[in-house]
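Subject: Structure handover

Hello,

Here is the structure I promised to pass on. My notes follow below it.

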Amino acid sequence: MAAGQRPRGWWYPWIFVGGMAVVVAVNIFMMTMAVKTFPGLETQDAYQKGLAHNQTLAKARAQAERGWTAEVVFSPDAQRKGDLTAILRDRDGRPLDGFQVEATFVRPTVGGHDFKIDLAGKGGGAYAAPVTVSLSGQWILNLAARRGEETFEDSRKIKVP
């Protein structure tokens, strides 16, 4: 080897250094995005809901014993607008009228888009309202119907094109 000439493979350690720099840069980017996009809230009032767990289970058993069901129809157009209709029936298929029905749309992946609407009674156990959804994709639709002390709750996933 001539004087002043570098030995063969002198740059091999720099391959490792460059690879580690890429890994560190990607990790910093991922941590930054995770902190910026996560609202930090998983469940509203989680501690109180945990304390009321037995009451929640009792309400679910009572609802199952009544045998009430909800049929939900929502077919939005290309602009994500459409009529939401919920038809409530008892165990024998008779319509359940006289309820105050509220629908809550929850976007599971993006915070800040959840909203509630009241559905108006249309007769025959049907409750409806016009709805405009802000984003396409999967939503969770929670129905809550109340008539005096009687309550009915239903939750389902819906897909908005």
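Asp 90 and Arg 94 meet through their side chains in a salt bridge, at 3.1 Å from N to O. This is a predicted model, so please read every value here as computed from it. Asp 90 is buried, because its relative accessible area of 13% falls under the 20% cut-off. Arg 94 counts as partly exposed, at 47% relative accessibility.

Arg 94 also has a salt bridge with Asp 92; the closest N and O atoms there are 3.3 Å apart. Asp 92 is exposed, with a relative accessible area of 55%. Through shared partners, the salt bridges join Asp 90, Asp 92 and Arg 94 into one network.

The structure holds five salt bridges. Another one of them links Arg 156 with Asp 154, with the closest N and O atoms 2.6 Å apart. Arg 156 is partly exposed, at a relative accessible area of 27%.

Now the sheet. Seven strands form an open sheet, in the order β1-β2-β5-β4-β3-β6-β7, and the pairing is antiparallel. Strands β1 (69–74) and β7 (150–160) stand at the edges. Each has a single partner strand, so one side of each is left without a neighbour in the sheet. From one strand to the next, the twist averages 25 degrees.

In general, strands of a sheet pair through backbone hydrogen bonds. Strand β3 (residues 100–106) is joined to strand β6 (residues 137–147) by seven bridges, and the two run antiparallel. Gln 100 stands opposite Arg 146 in β6. Glu 102 faces Ala 144 of β6 across the pairing. Towards strand β4 (residues 115–123), β3 has five bridges, again antiparallel. There, Phe 105 stands opposite Phe 115.

Last, the surface. Which residues form a nonpolar patch there? They are Trp 10, Trp 11, Tyr 12, Trp 14, Ile 15, Phe 16, Val 17 and Met 20. Together they have about 930 Å² of accessible area. Ile 15 lies in helix α1, which covers residues 12–37. Ile 15 is exposed, because its relative accessible area of 52% is over the 50% cut-off.

Best wishes

Key
Residues numbered from 1 in each chain as written. Predicted model: local features only at pLDDT ≥ 70, side-chain atom pairs only at ≥ 80, totals over all residues. Heavy atoms only, no water. Patch = residues over 30% accessible without salt bridge, like charges linked within 9 Å, V, L, I, M, F, W, Y side chains within 5 Å. Areas by Shrake-Rupley, 256 points an atom, 1.4 Å probe, with all protein chains shown as cover. Salt bridge = Lys/Arg side-chain N within 4 Å of Asp/Glu carboxyl O. Helix = DSSP H or I, 4+ residues; strand = E, 2+ residues; numbered from the N terminus. Buried < 20%, exposed > 50% of the residue type's maximum accessible area, 1.4 Å probe, protein only. Pairing = 2+ DSSP bridges. Axes fitted to C-alpha atoms, helices over the stretch in contact; angles between N-to-C directions.
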